[in-house]
Amino acid sequence: MSVTTLIVTSLKTYTLTPADLLPAQGTIALFSFADDALLRQYAPWLPILKDLPHAEIPRTVAVVDTPQTGKVLIVFARRPVIADALPSGPLWAQREVGPLLVAASSPEIFTDLDASANSIGSSQAFTLLSRSATEGQPWIFIDRFLLPHSDSLTDVITENIFLRDATHLGILPRIGSGMVIRVFPANTQRRSLPLPPVINNSTFSLALARPESAFGDLYATLSTDRQAMLDTNILTFFASSFGDDVSFTYDFLPLLMRPARFSIAHNASGSTVLLMQGSASDAADRITHLHEVFRGSKTIARTVTRVFEKGRYTFRNVRDDEHMLTDEEASVSGMQLRKTMHAIQGEFCSAVQGEEFMMATDCEALERAILERPQEPGTSAIATGTLTRGILSAIPSLLSPTSPLASSAPDSLEWALSRQGDILTLTIFPRR
């Protein structure tokens, strides 16, 4: 029995990994097989990484935050140790821990490196997030609190979609030409559903599996001031398009009980176009009501100016002109297209086929979207989107120029958020 115990103990010791030694309490980042460029990339979030000496080979590096000494750098290596794998010198302490050689920026940290049930390797977060990691490929395990915090509305929306309830992230920074970010834990109420496909030429789009619920969750997380600001923005937008006789809560939210996509594009003149796709059991009736409200909010009065006697007298006459406001219907690719257009005050257009609908603030853009729409269903996910970072000014902090996630993200990208068990997976890749 003693021989068997000795063999088992020796095997456990020999197979120790850095995750088996690092304490779950205090370990804020673990970089596995990370080269120097990748490590420096995360210095904006972890300035202590600037203190790490340069090396030509990928390394396993951790950052542990302790009450006694603050943040400590730890570098792990196995025998045979390659040159430059471990930093040395008066600012670094080295120890052997099982089969590992370890260098740390503070010797006090060695008392915390112990294979126990309190290591990050034994935590559920690490176990689940590390499943997709491939040996010899870089991956990063970080504590959620490292991510930048901002109270801007864009960041609040981003956090609500991607990071709600998250405690840890696993980042696979180089998957082909894209990136994979896995989030633990997944919100138990969220699940993937087929989403409307992307509209071509959009500079921004967001599709949600449960948009009405997502809006409610977002609203609940906002401060009173932010709620008031959001209410004002929504009311201002709808009042400018439909007047005061339309309600976001009663006229639009019922169209968002199922998966829907919101898109921003630009027409030939460069003006911004808003589009929405979705489905609802009473889509035709609700959209007919929106056309009536839009039409009722516009005036058909036209001012006619006449000049007599070479400019000595000017007369202005206000008269109704029914040609200022037109309403047209046509069938396009199986959808019933309706255009309500004012010569000066904008237009509202829709297309309905059964329970499926599309709406836009530009009729030409909507007709083009109908003709170009994919016939196959969209991606099954919790949320998907497209983003052109060079065009949108209000980008989230996670994709700002100083974010480590932005340096490898393309300027025009697509993303998809899905769920597998207790993990959310965010995939970012160049837009096709």
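Guide: With the term itself. On a 1 Å grid over the protein atoms alone, a cavity is a set of points where a 1.4 Å probe fits but cannot get out; lining residues have an atom within 4 Å of a point. A volume is the space filled by probe spheres set on the points, which are joined across faces, edges and corners. This is a predicted model: local features need pLDDT of at least 70, side-chain atom pairs count only at pLDDT 80 or more, and totals for chains, interfaces and linings use all residues. Numbering runs from 1 along each chain as its sequence is written, and side-chain values use heavy atoms, without hydrogens or water.

Visitor: What lines the second largest cavity?

Guide: Its space is about 90 Å³. The lining includes Arg144, His149, Asp155, Glu159 and Leu398.

Visitor: Is Asn160 buried or exposed?

Guide: Buried means under 20% relative accessible area, exposed over 50%, partly exposed in between (1.4 Å probe, protein chains only). Asn160 has 6% relative accessibility, so the residue counts as buried. Asn160 sits in α5, residues 153-163. Contact means heavy atoms within 4.5 Å. Beyond four places in sequence, Asn160 touches Arg190, Ala214, Asp217, Leu218 and Thr221.

Methods
Helix = DSSP H or I, 4+ residues; strand = E, 2+ residues; numbered from the N terminus. 1 Å grid on protein atoms, 1.4 Å probe; cavity = no way out; pocket = protein on both sides within 12 Å on 5 of 7 lines; lining within 4 Å.
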